[in-house]
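Student: I have a structure open and would like to talk it through with you. Could we start with how the strands line up?

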Amino acid sequence: MKIAKILGLTLLAVLVAGLLLPERIQIPVAGASAKDWNSKSFWFEPWGSSGVHKGIDIFGKTGTPVLSTTDGVVLFTGEIAKGGKVVLVLGPRWRLHYFAHLDSIGTDALSFVASGEAIGTLGASGNAQGKPPHLHYSIVRMLPVPWKVDGATQGVKKAFFIDPHAYLLER
């Protein structure tokens with residue numbers, strides 16, 4: 001019984017810590033600013049087979065360092081069909097930060113990364129092949145906020161997705 005109580009308290013402490021840790025926000029492409037992405041591309045439609053664009057595309061030169069937007073744990077590195085070479089970071093407030101279309105990956109799964117630390121380089125992998133090099137950056141809440149749901153296409157998913165443009169400008 002004592003072990004279960006200790007595990008329960010430890011889990012509670014981890015959950016609370018994840019909500020209370022500060023976010024040290026960093027634009028994820030070295031040298032980029034808000035002029036390097038379209039502020040209205042979040043939830044833009046129609047957007048290919050995804051229906052709506054659930055992130056922003058930050059444009060730059062191939063090989064430009066891609067930086068972690070916040071401190072966190074790398075949950076996944078690898079290749080997927082649409083995203084190409086991708087990195088997924090779990091940051092404070094239980095938010096998942098998704099970096100796609102990388103030219104190269106410079107981190108490993110289950111490693112800790114600091115805000116501003118290089119995790120890869122900008123590219124055009126996955127379904128971005130043949131398009132200008134860019135980073136697709138999305139943020140997903142693991143704890144939904146129902147008041148963000150609206151009547152837009154796939155609007156129920158807005159309970160989970162955060163507008164990266166607004167998020168990055170909070171810094």
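Predicted model: local features only at pLDDT ≥ 70, side-chain atom pairs only at ≥ 80, totals over all residues.

Student: How many bridges join E7 to E9?

Tutor: Three, and the two strands run antiparallel; strands are said to pair if DSSP finds at least two bridges between them.

Student: And which sense does the pairing of E4 with E9 have?

Tutor: Strand E4 (residues 65-67) pairs with E9 in the antiparallel sense, over three bridges, and within that pairing Pro65 has Thr121 as its bridge partner in E9.

Student: Why is E9 described as largely enclosed?

Tutor: Four of its five residues are buried, so E9 is largely enclosed by the rest of the structure; buried means under 20% relative accessible area, exposed over 50%, and partly exposed in between, with a 1.4 Å probe and protein chains only.

Student: What about Thr64, buried or exposed?

Tutor: Thr64, which sits in the loop between E3 and E4, counts as buried because its relative accessibility is 18%. Leaving aside residues up to four places away in sequence, Thr64 touches Val29, Ala30, Gly120, Thr121 and Leu122, where a contact means heavy atoms within 4.5 Å.

Student: Changing topic, what is the overall layout?

Tutor: The protein has two helices and eleven strands, in the order α-β-β-β-β-β-β-β-β-β-β-β-α from the N terminus; these are DSSP runs numbered from that end, helices being H or I with at least four residues and strands E with at least two.

Student: Which residues touch the most other members of the largest nonpolar core?

Tutor: Phe99, Leu135, Tyr137 and Leu168 do, in a core of 26 residues. Such a core is a set of buried Ala, Val, Leu, Ile, Met, Phe, Trp, Tyr and Cys residues joined through side-chain atoms within 4.5 Å. Among the elements that each supply at least two residues of this core are strand E7 (95-105), strand E9 (118-122) and helix H2 (164-169), while E10 gives the most, with three residues.

Student: What does Leu168 touch?

Tutor: Not counting residues up to four places away in sequence, its contacts include Ile25, Ile27, Trp37, Ile56, Ile58 and Tyr137.

Notes. Residues numbered from 1 in each chain as written. Heavy atoms only, no water.
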